[in-house]
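Work through the exercises below with the sequence and the structure at hand. Each task is followed by a solution in steps.

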Amino acid sequence: MAHTIEIGVGGGDITLAAPPSADISSLGMAMKPSSTADEDDSSLSSTATDIFDSSDAHPKAEWTLDSNGAWRRYGSSESATSTGISSMCSSIVADKPDDITITVSPARKRTADGLIKHSSSIIKIKAEDSPAPVISTEATTTVTTNDTQSPPRKRRGRPPKDKTTASIPAGKLRRASLISQLQDRVRPRSSIPASLPKDIFASECIEATHASRLDPYSLHIGEHELLSDLLMNTEVTIYLNIRNAILRMWNQNPLCTITVEEAAGCAREGRFFGLAEVAYKWLARNGYINFGCLEVPREAVSLRKGTKQKTIVVVGAGVSGLTTARQLEGLFAQNSEHWTDAGERPPRVIVLEGRRRVGGRVYSKPLRSQVEGSLPGNLRNTAEMGAMIVTGFDHGNPLNTVIRGQLGLRYHLMTDALTIYDTDGEPVEEKTDQINTELYTDISDRAGDFRAMPQKHNTLKGDEELIDRARDPVAGGFSGFQLEPLFPVDNAKHRKPVLKRGRRRNAPPGTEKLTGRSRVIEESDATQSAARAAKIMGWQLKDGVARDQSISLRRTAQDSQHPTLGRVMDEAIEQYQDIVDLTPQDMRLLNWHHANLEYANAAPVSWLSLSGHDQDTGNEFEGAHSEIIGGYTQLPRGLMHLPTKLDVRFDCTVDSIHYNENQDPSLSTRVVCTNGEVFEADEVVLTAPLGVLKADVVDFDPPLPGWKQGAIDRMGFGLLNKLVLLYDKPFWDNSRDMFGLLNEAEYQDSLDPAHYAKTRGRFYLIWNASRTSGRPMLVALLAGHSAHEAEQTDSSTLLEEVNRRLRKIFSPAIIPAPIEVIVTRWKRDPFTRGTYSYVAPQTRPGDYDLMAEPVGNLHFAGEATCGTHPATVHGAFLSGLRVAADVMEALTGPISLPNPLVGPAPVKADPSVPYHYSQRAYTNSSATTNALVSMNYTSQATLGASDVTEPVIKQEQDTTTLAAVPPATAAPAASLIKQPSGPPRKSVCAADTSFWVSSAAYESSDLDYEAGVIGAILVTIGDQPVKPTRPGVNPFLLFTKEKWEECKTYCAANSTPAPRKNSAGSTAPAEGAGRDQIRSTIGKWWKAASEEVKEPYVAQGRQAQEVADKLRKEYETKAQWWDAEAKRIRKEYVEKIPPPQGVGGGGGGASGLGVSKRKTNTSNCIVLDRA
């Protein structure tokens, strides 16, 4: 029986009553009342509360956590300590069982070579352990991994216990400030997998850097400001290689934090650990690594109660606010020593939210009628009220790390298929759609000539050829210092294509239209005449139109102080009407593209700035657009709950903020809420939408400065609304993700662009949300002026109009009435007052940056502060990472740099110059003792303390003599003084008895002791394994061996060898074919042989190689065991029988088979003994 809908119009609201057959109780699940925090409807119009009637009845259902951490009989939520959850959305489950079993996704741990270790576990929480099935992080929760009473098995993943005071294993340093001092603890290259070919390793590093929105070949502007005065050009390449390698590790497994040891292991030499420290600090602070729903190890510090602790207040629990709080907690954990060393606790973070839910403009509204099993993982059926699309995961989207890498949320990739229907319900012909799309592209290109160009930042660049090979510059090798240019010539050979501004080309109808942002590619300027361009597109020119006839938009663009995009583009359409015949359908198609642009900017095109409406062009991410199955709200829920729950205070609407503009220590910072609560803070982060700031509903004391208030006033804040329709079954093509609708002008068949402005955005695009909601659902968009009109239009009128359009399209199919209807009215929401920002005509190029600037200890975040990615969820996320770094710098100051940044390089002496080698020590300003190696060149004949000449050390700008270096406080050890070179004191001839070392210079006791050690090793474990020889079995050699005699006979019979001369000089007869001739002939035979002929020899060679590989592996295993045992036996022997005086006895392993009686260099010709 078809469902019936009763519509009662009253006060502009629509009330839908479901028939008895669709009674909610028959679904077998509990419905949460709309008054709960998780299902707050404040982001919708007042209509929503009429559609979703409150219910006090709660049928039996599973006890679960809602988004705010409260236990309710509604769905379930996975453990907040799980690192690989599939969803944060509530589930539909059966009645409460005896035990709650949580399957934790396999935990993954990175090894030194970048590989991933896997482990999994099942956590069972018994119902009788607590009155309510609480999954707690406190010690009182009983957690077992099996039914026995044996001690729980240690897991590689994160255990479900309180990790706020997680301790580091003894002796493991975790402070970033100590990376430069880890030479004796961390082996260089330990984070660079030796088994991975360098070209593959380099490509992974470059790809990971691109995925982090950084240039692998040059410094970020922040890195440049930090290091530009400290690095030589060769050191820039070394730093970039280290930074790129760190990003590679993070990109491969964002479930694990990058540790200080791993960062140090990305350096190829210990003297570059200082560069690794800087790279690690900068990447961590600015949110390029160790961000998101990630557990960060903390130092175990015992502090008394009442210890001083600073407070950070974040206003707003949207994506930007939750990201800020989550990132700050991670930064405080990674840098806790800044406070604990001073006897303080790391700062705490409090999030204030006026609603009773998290997410802000990201809100997945649960449907009134839930169907169990309609989505995988028992996810809830939801409808997206706000953000809906992830605009590509590739090329730097940080949501890729959180959604796919950490939370493991399910998502649906959108398809390219799109059909546009005209007002009569008929689909538009593909050719008509194509030529109108190309015409709109051309108009957009011509309007792009008036767009402002972005400001470029020149930063230090590395050697691309070396970075492409993951190689550092060769140490030393300078015959003299030559100043290199600060900004080398940019080589874009290996870079990804740079997307230019002002050259827009709309993609064919497809997923690019989901965001309204045309795909921007690199093209030539629109210098072609309009008539010629139209002809190429496929338009028929009007009679009498010359091929060089064009259009001119300059006068329109310059007739106003603040020109708008809509005015210029409409002028272009009107001028094109003089060149080609534009039909009413063409006008509807062109205005459909206008509506698409209005959706992208949440404003009519006549409200957009001509010069800067697309100032974010070139920052688009790559990859197909996608939707989150089960609701986008899972993202803010994950940010709130994982790895530990954030301190979010609901129902805290901020009334005023009393901040410290000049950092006056005598003034206190307070955040006052309308409910009377007052929060003292050291730093405040305001993430309220731009619409709230424009409405001036928050009082600032003191008032915001003029430069900040001016940016708020100049920028625009737009509006987009949706009409959600839920049906019993689909009547549309469910394989398509969307279809478009053309709208008629105010005056039918009008050719005036102005007549389409009011209606073109009305249901212009309808999404098929069935795959993500689990139910047959359509979402119709209301963009431009239609979005504002929907705020004042009653829901029944909107429903009637969209049903009329759908009946025309899908006739003769019967279009049933929807069983649920939701209309969003974001303008009425007091916590948003709109949807997202846009560039208004008065907006200045730097206003987004001004929005991001702090005022004293008051910081700002949100999509309206992210000029590179405004009006997006990932833009809000990036703003949270950015403001967290600002707060961290306000609390701890700028990143501290190690001194020295780069350790001293090994110095190679000129072998043609005699030298005296000595070592001096000095103490720098940071009280860090360093070794300074120097060379004093002199003549061998006149070597003396008074005759030593002082050389110079080659540096970047000037030279420094050794006299300027402070001398050591103690004399160097005698073993470090290298005696002058010269002719050997003894003969170099082995026949001469003076060649051998005299007994006075050599004690036989060391040979006897070493012989005893070797004897103990050989008696215990036998001789050292013998390395197997190479097989030497080559198919061609086997063929040659078998065919040699045959070929010799053949060559002798088919060739006439040249006569040879005998020893007396006379000519002798030839003896037959020579070896070279035979080899050449066999080579020709082998090349001409078929695969069947070659196969036996190839198989024999393959078999021999397999045997050789097996023997080699056995040898490596035995040799490794033998070396380890020999080392152990040597250590035990030395401990049991100490070596005689003057004998080391602890040689490196067991490879030393005694001490030679003579000391020679590798050529065994020149004696090196100068005793």
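**Exercise 1.** What does the accessible surface of the protein come to, and what percentage of it belongs to carbon and sulfur atoms?

Solution. The model is predicted. Its accessible surface comes to about 55,400 Å². Carbon and sulfur atoms hold 51% of that area.

**Exercise 2.** Describe the protein as a whole.

Solution. Step one: count the elements, which gives 27 helices and 33 strands. Step two: look at burial; of the 1171 residues, 50% count as buried. Step three: take the contacts with a separation of 6 or more; 76% of them join residues 24 or more positions apart.

**Exercise 3.** Where is A317 found, and is A317 buried or exposed?

Solution. Step one: locate A317 in the loop between β7 (309–315) and α7 (319–334). Step two: read its relative accessibility, which is 0%. Buried means under 20%, so A317 counts as buried. Step three: list its contacts beyond the neighbours within four places in sequence; they are L322, V351, L352, E353, V358, G359, G360 and V648. Step four: take E353 from that list. A317 and E353 lie 36 residues apart in sequence, while their C-alpha atoms are 5.4 Å apart in space.

How values were computed:
Residues numbered from 1 in each chain as written. Predicted model: local features only at pLDDT ≥ 70, side-chain atom pairs only at ≥ 80, totals over all residues. Heavy atoms only, no water. Helix = DSSP H or I, 4+ residues; strand = E, 2+ residues; numbered from the N terminus. Buried < 20%, exposed > 50% of the residue type's maximum accessible area, 1.4 Å probe, protein only. Contact = heavy atoms within 4.5 Å. Areas by Shrake-Rupley, 256 points an atom, 1.4 Å probe, with all protein chains shown as cover.
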